[in-house]
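This report covers side-chain pairing, aromatic and charged, in one protein structure. The sequence and coordinates are shown first.

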Amino acid sequence: MHALGDWTEFLAAAAPLRPRLHQYCARLLGSVMDAEDIVQDTLIKAYTAANLPQEKSQWQPWLFKIAHNRSIDFLRARRARNHYLLSERDKMLIELGQDLIAAAEEDPLEQLTQQETLRVSLAVFLCLPIYQRSVVILKDVLGESLAEIAQLLDLTQDAVKAHL
């Protein structure tokens, strides 16, 4: 048996971190579905790891590091397969932009403008290098401090500032 007990106990202990992991991966990968796969893979890898941190306060940086590395591996594999299609980006735009588009006036021109702005913004964002994208997501979306980001990504604070 695992030092933490069974799989259910581990999932219960990791549950508070799961939404933030998913949000991070979804923004990094550009896909909510792929993010769910990466989070599940991260939790399995963490559960089976021999070097599980004893203090639960160390779980967040450790799980984010695993998720980050799994995401990078996924992006590299996807790039190698030349699998990233514009339609996937458009699907993510729809997911991310629902609130913004819904908040637009009933004017169809305003809605089209909002949709196009989102599409172009996300397309440019997804072209950023992985560490720049990661730092922006952790800082602006998840509200992490520079010190926390440095710890999560195993960077110096100066490197985090440079990526921002």
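The sections below take the aromatic pairs and then the salt bridges.

## Aromatic pairs

The model is predicted. Over the whole structure, a search finds five aromatic pairs. In one of them, the ring centres of Trp 7 and Tyr 47 are 5.2 Å apart and the planes stand at 80 degrees, so this pair is edge-to-face. Trp 7 belongs to helix 1 (residues 7-14) and Tyr 47 to helix 3 (residues 32-48), so the contact ties together parts 40 residues apart in sequence. Trp 7 is partly exposed at a relative accessible area of 33%, whereas Tyr 47 counts as buried at 15%.

Tyr 47 also pairs with Phe 10: the centres are 5.3 Å apart and the planes are at 55 degrees, so the pair is tilted. This is again a link from helix 1, where Phe 10 lies, to helix 3, and it ties together parts that are 37 residues apart in sequence. Phe 10 has a relative accessibility of 1% and counts as buried.

## Aromatic cluster

Trp 7, Phe 10 and Tyr 47 form one aromatic cluster together with Trp 59.

Side chains of opposite charge can pair when their charged atoms come close. Three salt bridges are found in the whole structure. One joins Arg 18 to Glu 36, with the closest N and O atoms 2.3 Å apart. Arg 18 is in helix 2 (residues 18-29) and Glu 36 in helix 3, 18 residues apart. Both ends are partly exposed, Arg 18 at 26% relative accessibility and Glu 36 at 24%.

Arg 20 forms a salt bridge with Glu 144, the closest N and O atoms being 1.9 Å apart. Here helix 2, which holds Arg 20, is linked to the loop between helix 7 (130-141) and helix 8 (146-153), where Glu 144 sits, 124 residues apart. Arg 20 is partly exposed, with a relative accessible area of 26%, but Glu 144 counts as buried at 4%.

In the salt bridge of Arg 70 with Asp 41, the closest N and O atoms are 2.5 Å apart. Arg 70 lies in helix 4 (residues 59-80) and Asp 41 in helix 3, so parts 29 residues apart in sequence are tied together. Arg 70 is partly exposed, with a relative accessible area of 27%, and Asp 41 likewise counts as partly exposed at 27%.

Note on methods: Residues are numbered from 1 along each chain as its sequence is written. This is a predicted model: local features need pLDDT of at least 70, side-chain atom pairs count only at pLDDT 80 or more; totals for chains, interfaces and linings use all residues. Side-chain values use heavy atoms; hydrogens and water are left out. Rings of Phe, Tyr and Trp (its six-membered ring) pair if their centres lie within 6.5 Å; planes under 30 degrees apart count as stacked, over 60 as edge-to-face and the rest as tilted. Helices (H or I, at least four residues) and strands (E, at least two) are DSSP runs, numbered from the N terminus. Buried means under 20% relative accessible area, exposed over 50%, partly exposed in between (1.4 Å probe, protein chains only). A salt bridge is a side-chain nitrogen of Lys or Arg within 4 Å of a carboxyl oxygen of Asp or Glu.
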